[in-house]
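Please read the following report with the sequence and the structure open beside it.

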Amino acid sequence: MDLRTDSTLIASVLDGHVDDYTVLVRRHSARCTRYATRMLGSADDADEALQSAFLRAYRALARCRDRERFDAWLMRIVLNECRTFAARRTRRERRLVRDELVLTRLVAAPAQDEAAALGEVQCALDRLDASLREAFLLKHVEDLSYEEMSALTGVGISALKMRVKRACARLRELLEGVRTTGGRTA
Amino acid sequence: MVEQNDDRAFVERIAKPLRADAPLAADFMSRLDAAVRADARAARRAHHERDATPPWWRRRVTVQLSLSPIVGLALAAGLATVAVLGAVALRAPGGAGAAVSPTAPPVATALAPVRTDTVHIVRFVFIAPGAASVALVGDFNNWQRTATLLRHTGSDGIWTVSVPMSRGVHQYAFVINGTQWVADPAAGTTVTDDFGTTTSVVTVGSGASS
């Protein structure tokens, strides 16, 4: 285990020791990966967005203002990359077809195990507007405070609270609506 | 209350599976490492190419040093091809000090037609009483904190440095004591980049496209 601080690793990378960059990224990759995967709803898309985000972060490393808060800085880059990626994604139709299939399957068979539960929730999450999905994930999955969310996203606290509330309501509508229908069908 | 608990239980139920780790592909880090190395090689090549170019003082350049627009005008009257040194006035962080040159806008203004080979000397002034060091970082020095250190003038915590800059729009900031990043509070334009970092903007040379 590398005990050097983030600040030391950044200085080392900027000094030409590029090996240390992957040490730095590996240290903070879990949260970034989880967020990108849930936000984009696809491991392949997340992979692509994260490669791009981490390379951008490498190129901008000298501009990391507070090196002891590298994790927050990196997360912000990942968040922006996911926004860009989601906006330009042209596979929406294919995703909707897939979602319809999953939802149909859920009507017949509600989630029984963890993987199925994740698939079910992810399917509903994919149907939210990107801004609602982003707010929900940061609040309830990454467990950030509204102040932290605001600093990360550049969105005001009251707007974020509204987005989280609307996301929860929509998810409930999607998930419980599916289950109710499934119950009646069964 | 029942409804609130119900909401909380619902959120917890759907957030729980989403909190599970999402693994990266097995080769993710090796691909990233390869991309970073390729990028570093490209940057080194570009750096060597820059080094191969004669420094500005060995090229045919015109440089003007002046300290105020009035002096610049006087010099411009005698020297047709000179450009003006722009003085960027800065306040001490936290408003602890006054602007060194409040009348000078944070823009390096050219008083005479600018030639493409003109090097502009821009003087940066920063007031930071009690600072141990002040560095200037910007796109012109690849944001390196050790590349351009300001010199303490010995009075009132005034730090200065003069930097040869090419014509155009440049972003910059100051780093106090190697850690505290400060955008120029007196700058006319500041920008916050994708990475959440706020920097100031200086326009060097008249008609530089922004």
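Over which residues of chain A does pLDDT stay under 50? That stretch is residues 178-186 of chain A, for which the model has 11 contacts beyond four places in sequence; pLDDT is the predictor's confidence in each residue, from 0 to 100, and two residues are in contact if their C-beta atoms, placed from the backbone, lie within 7 Å.

## How the model is described

This is a predicted model, in which local features need pLDDT of at least 70 and side-chain atom pairs count only at pLDDT 80 or more, while totals for chains, interfaces and linings use all residues. Residues are numbered from 1 along each chain as its sequence is written, and chains are lettered from A and ligands numbered from 1 in the order in which they are written.

## Confidence

Chain A averages a pLDDT of 85, and 83% of its residues score at least 70. Within chain A, confidence is lowest in helix H5 (residues 92-108), with a mean of 51, and highest in H7(A), at 96. Helices (H or I, at least four residues) and strands (E, at least two) are DSSP runs, numbered from the N terminus.

Chain B averages a pLDDT of 69, with 62% of the residues scoring at least 70. Its confidence is lowest in strand E1 (residues 87-88) of chain B, at a mean of 36, and highest in strand E3 (residues 134-138) of chain B, at 91. Over residues 59-116 of chain B the pLDDT is below 50, although this stretch has 127 contacts in the model beyond near neighbours in sequence. For the complex, the predictor gives an ipTM of 0.81 and a pTM of 0.65.

## The fold of chain A

Chain A has 9 helices and 0 strands. Of its 186 residues, 37% count as buried, where buried means that 20 or more other C-beta atoms lie within 10 Å of the residue's own, with C-beta atoms placed from the backbone. Among the contacts in chain A with a separation of 6 or more, 68% are made by residues 24 or more positions apart.

## Helix H2 and its partners

Two packed helices are described by the angle between their axes and the distance between the axes. H2(A) and H4(A) pack at an angle of about 30°, with their axes 10 Å apart; the axes are lines fitted to C-alpha atoms, for helices over the stretch in contact, and angles run from 0 to 180 degrees between N-to-C directions. H2(A) and H4(A) are therefore roughly parallel to each other, a term for angles under 35 degrees. Residues of H2(A) including Leu24(A) and Cys32(A) take part in the contact with H4(A), where the residues involved include Phe70(A) and Val78(A). By class, this contact has 13 nonpolar, 1 polar and 2 charged residues; Ala, Val, Leu, Ile, Met, Phe, Trp, Tyr, Cys and Pro count as nonpolar, Asp, Glu, Lys and Arg as charged, and the others, Gly among them, as polar.

Helix H2 (residues 19-40) of chain A also packs with helix H7 (residues 130-141) of chain A, at an angle of about 140° and with the axes 10 Å apart. Here Tyr35(A), Arg38(A) and Met39(A) in H2(A) meet Arg133(A), Glu134(A), Leu137(A) and Val141(A) in H7(A), and these residues divide into 4 nonpolar, no polar and 3 charged.

## Where the chains meet

The contact between the chains takes 36 residues from chain A and 31 residues from chain B. On the side of chain A that touches chain B, the largest share, 10 residues, comes from H2(A). By class, that side has 19 nonpolar, 7 polar and 10 charged residues.

Note on methods: A residue is buried if 20 or more other C-beta atoms lie within 10 Å of its own, exposed if 12 or fewer, and partly exposed in between; C-beta atoms are placed from the backbone. Angles under 35 degrees count as roughly parallel, over 145 as roughly antiparallel, 65 to 115 as roughly perpendicular and the rest as oblique.
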